[in-house]
Amino acid sequence: MISRWFPYTRLRREQNCTRFTAFTMALIQALGWVFLRLESPNWKALRAQQWRLYPHLANKRSTIGDPLRYIVQTLWLLVVRTPNLDQIGRKRTRRRVGAYVSAVLNIVQRPWNLLSNSFEHLPAALSPQVSKGSHWWSTMRWPTRKVLYIALGTLAVALIVLCITEPFGYLAQLVFVILLWVLAMLVRRMPGRFPTLLLIVLSIIVSCRYLWWRYTSTLNWNDNLDLVCGLILLIAETYSWLILLLGYVQTSWPLNRQPAQLPPDTDEWPVVDLLIPTYNEELSVTRGTVYAALGLDWPKDKLRIHLLDDGNRPSFKTFAEEVGINYIARTDNRHAKAGNLNHALTLIDGDLVAIFDCDHMPARSFLQLTVGWFLRDPSLALVQTPHHFLSPDPFERNLGTFRNRPNEGELFYGLIQDGNDMWNAAFFCGSCAIVRRTAIDSIGGFAVETVTEDAHTALRLHRNGWTSAYLRIPQAAGLATESLSAHIGQRIRWARGMVQIFRTDNPLLGKGLTIFQRICYTNAMMHFLVGLPRLVFLTAPLAFLLLHAYIIYAPAVMILLYVLPHMIHASLTNSRMQGAYRQTFWGEVYETVLAWYIARPTTVALFSPSRGKFNVTAKGGMMEENQFDWQTAKPYLVLSLLNVLGLGFAVWRLFTGPKDEIFTVLVSVLWVVYNLLIIGAAVAVAAEVRQVRHTHRVLTRLPGAIRLADGHSYPCELVDYSDGGVGLQLSQPQQLPVGTPVSLILQRGNREFVFTGMLTRSHDLFMGLSFAQLPPEQKIAFVQCTFGRADAWLDHNSGFEADKPIQSLKEILALGVKGYYRLYEYMPAWLRLMARPFLRVFQWLGSFLPRMPKAPTPLSSGQ
Amino acid sequence: MIAMSLRGVRGGVGTSSTLAALGYALHELGQKVLLVDMCPENSLGLHFNLNLAPREGWARATLDQQPWHEHAWSVEPGLCVLPYGQVQPAEYTRLDALLLEQPQLWSQRQAALADAFDWVLFDLPQRLPGHAANPHCDIAVMVLNADAACHVLLQPLLAKKPLFLVNRFDAASQLQRDLVLIWQHRYTQSLVPLSLHADEAMGEALARSEPAGRYAPGSLIAHDIISLASWCLLRGRRPA
């Protein structure tokens, strides 16, 4: 009995507490029993759920901090709404408190909901009036209409200029930004594309206003240091503003082009040369592409497949002869891939040229979906399809976002190219595309002057009056780069090449382009200059904290009143436009990782465009174990150290600096912490997760059947496949020893194919088969039944979660913390030893943080 | 009630086994099914663990002018088998002539069965035109294997626009794949849009005197037969 009321001995013996701790805890418990009637049913119910509600205190040795932890967690539980808490006797109080709160909230919320719901239904409700109005508008006489257009346009421009340039005090600015924000939040609820345009307009107004204010009233002309630092930041911001605006134009109205029908008579279908350029890639990677190309649905006499081997390797030659495709090699390899393609053009004479990198396996429907447009539009030079990757890129692998978040390329292939297509500016991406032979001949072959021959070729085609098309249907899949350093290397090449084109063949100058084509190309090229501005943003608050330079010479509150709306509107608008292709704030991480590495090459290319060479992207490799890419992460470690130093200075300034600067210091600290976490997320990417498979498994759900050597057959479901094997799920378990030959029956359309493989693993209903020794014709059939299926990549985005900006911000910040933790894990032992005390302090502080209670178990909440 | 018949393009293509398995599968799908053996071999009952060639059956009864419907066996509630009965060669030739004389004989019987059954499946013989022609079926399917003999034999049948069902299909065989491809291409309308795969379980089922779906419910052939039964349900409900 005494052990229940005053558990001193139990705490001492079982939990090995110190005398003081045990005594204090026991005393608290005894006081609780005396004064709180802990034996009452309400307390009993609560005690039964103790470990659910206080999960971090379960299975933990009692320490002297526990009472505080209980208090913190209890307060948390009272404030935060948790499911099923109502069952625990506190129902009434909660309800009373909740009623007050919701009554207060209701005053605001009800009209808001009414308003936003009416906005949501506005397009439908308004449509009769709108159609009537547009009818009235179109029947109006042209001169009247013209006058009205001019009048409305002048009025709008005048209003916008007024909104942008009118200087406001604190209150006026606050009212203005809140009004615009409320408007944006209402418009956001409306479906359709015009509300998106409205959001864009709001965002442009707010951003222009911000920039105007920055230029006119935030530069300190009296102090050189202030002025220099301020101007650097302002230039970086101007760059971002420009990219934002160009991006809005580029993606305001994605075209969503559909495939064009081919004529029923196959005699009218053009002859296609399919080129597979390769240089140093492995044969094993190239094979799959060749097999898939052989399975394309196209008349056999009208499809010629050529393997362009710049490496001059006998094994490739033998392979080409084996499968019966043309092998083209050349004596030199001048101008790399573009030279390779141009050399092949001299030997072939088809109407169309399809190009697939040797690691992009085409789906069987590729030609049937793309060629129709060439027949419909005689001036069409190019049809590009997305680059889809069946393996995770370094970001996806190291951050664990494969198949549940859009990846880095998704924005470009999902939205930007589709937006470009609207302005006839979709450009060539080097692979998974098909071009018209006469068009490419008319510009003298593929461009060889830069390291990104693809974009430059497209630019020349457009300059010569050809058009291009983009079909947003993944019709090929390839391997993503296997390591962060390779990924960065590839991006450096793109960045350098695009900047080279910007210098040597500037899309803003020269003949033959429409204004929108110029905008699209400029944005694509300018986009790669992001390195320096990003580095400026990552270090800007340090200018104040370390050097005491007033980079934005304005009161801190005013800065917030201007910069926050600018960021919020841009995020809201981009979330609506790009949410499905890139989630809010993820762009920051991608840019941050690349910033340091593309800063130098792009700057060099900007001033001396002829320097720089072509580097081939390595793909399809393995990573034996988890490792940290110190080399790549080094600049970010320096940046984060600088920012930590800035935090130290901030603390110093907070205590010793003048009183009126405190708020400025706090704002800077917020900025520094944000930067630190973004850098942390970049560091997290550098912690490479191991990758042991030679071949990548593609998840799927396909019906199939297996056939055993004794003639028994069973239906099954194909759950994953790679080019070396498959994973199956059976409906009943099979007891088979590993090594048994098993045949897999797969369907393609209404044809069936049988592949004999070997059992490599068998567990319950799951079975793994390996196909090491398939003859070539079987391999073709296998690729056709799996990678080459027309619908193989259509549902790649089905696992993506919807974009929620706030949620996304939280994730990125959590990722930043995780990055530093990973960094700690990979540190050398001596450093870790030094860091451990700090980590302990953080962990100890963290142990006081409240947790979400666990989900109730039926047993404990069954009352 | 829907009447359906299966008949082999030639002997030994697996007609009876398929019919037994199909009847069982339809019954599994909640249908009341009667299987009628129209072959003098009198072996359909074997698939349902009846004696080989029972003396009594509809042919015997018809010849003896007895009530024909008394000789059906109930395998399970809602699943019945009507054997042919033991009949000498001379007698079944006589019966065939009788059936040719009275083409409405089985139609009348079918009308009498309409209330009791959802499906009546007839296992038709190769020869004996009277036997083959007498039941009037909503769905008449010719069973064949993907081999050259069947390819030749089906040519004269094409004029009648029958339905063909490929049995014992083995996708590992180049010949079979090619033949089925040709048939899919040429006789799109006539070919049942699914093939029954070769599966050892089908042969073993007969050795165990059970329909395939009951002997090996997890096998590929049982799966195929369920698909066939579902197809039949769709086809049968469709107004002809």
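Two strands count as paired if DSSP finds at least two bridges between them.

## Before you start

Welcome to this structure. It is a predicted model, in which local features need pLDDT of at least 70, side-chain atom pairs count only at pLDDT 80 or more, and totals for chains, interfaces and linings use all residues. Residues are numbered from 1 along each chain as its sequence is written, while chains are lettered from A and ligands numbered from 1 in the order in which they are written.

## Chain B as a whole

Let us begin with chain B, which has ten helices and seven strands. Its C-alpha trace spans about 50 × 40 × 35 Å along the principal axes. The radius of gyration, taken over C-alpha atoms, can be set against a globule rule of 2.2 Å times the number of residues to the power 0.38. For 240 residues a compact globule would come out near 18 Å, and the 17 Å of chain B agrees with this.

Of the 240 residues in chain B, 48% count as buried. Here a residue is buried if 20 or more other C-beta atoms lie within 10 Å of its own, exposed if 12 or fewer, and partly exposed in between, with C-beta atoms placed from the backbone. Contacts have their own cut-off: two residues are in contact if their C-beta atoms, placed from the backbone, lie within 7 Å. Among the contacts in chain B between residues at least 6 apart in sequence, 71% join residues at least 24 apart.

## An enclosed strand in chain B

Seven of its seven residues are buried, so S1(B) is largely enclosed by the rest of the structure. In a regular strand, side chains alternate between the two faces of the sheet. Both faces of S1(B) are covered, with Ile2(B), Met4(B), Leu6(B) and Gly8(B) buried on one side and Ala3(B), Ser5(B) and Arg7(B) buried on the other.

S1(B) has parallel pairings with two strands. With strand S5 (residues 119-124) of chain B, S1(B) pairs over six bridges, and Trp119(B) in S5(B) is the bridge partner of Ile2(B). With strand S6 (residues 139-145) of chain B, S1(B) pairs over five bridges; there Val143(B) in S6(B) stands opposite Gly8(B).

## Two loop residues with positive phi

Asn42(B) is not a glycine, yet it has a positive phi of about 60°. You can find Asn42(B) in the loop between strand S2 (33-37) and helix H2 (58-64) of chain B. Asn42(B) is buried, with 21 other C-beta atoms within 10 Å.

Arg168(B), also a residue other than glycine, has a positive phi near 55°. Its loop runs between strand S7 (163-167) and helix H7 (174-186) of chain B. Arg168(B) counts as buried, with 22 C-beta neighbours inside 10 Å.

## The domains of chain A

Chain A is divided into domain 1 (160-252 + 481-691 + 808-826), domain 2 (270-480) and domain 3 (698-785), with bounds that come from an automatic or database domain assignment. Taken over C-alpha atoms, the centres of domain 1 and domain 3 of chain A are 49 Å apart.

An unreviewed UniProt entry annotates residues 275-443 of chain A as "domain: Glycosyltransferase 2-like"; such annotations may be inferred rather than shown by experiment, and feature names are shortened, with positions given in the numbering used here. This span is 41% helix and 20% strand, and its end C-alpha atoms lie 19 Å apart.

Three strands of chain A form an open sheet with mixed pairing, in the order S5-S10-S7. Strand S5 (360-362) and strand S7 (388-389) of chain A are at the edges, each with a single partner strand, so one side of each has no neighbour in the sheet. S5(A) pairs with strand S10 (residues 476-478) of chain A in the antiparallel sense over three bridges, and His360(A) stands opposite Gly478(A) in S10(A).

## Where the chains meet

How many residues of chain A are in contact with chain B? There are 16, and they touch 13 residues of chain B. Strands S14 (713-722), S16 (741-748) and S17 (751-763) of chain A are the elements that give two or more residues to this side of chain A. The largest share, four residues, comes from S17(A).
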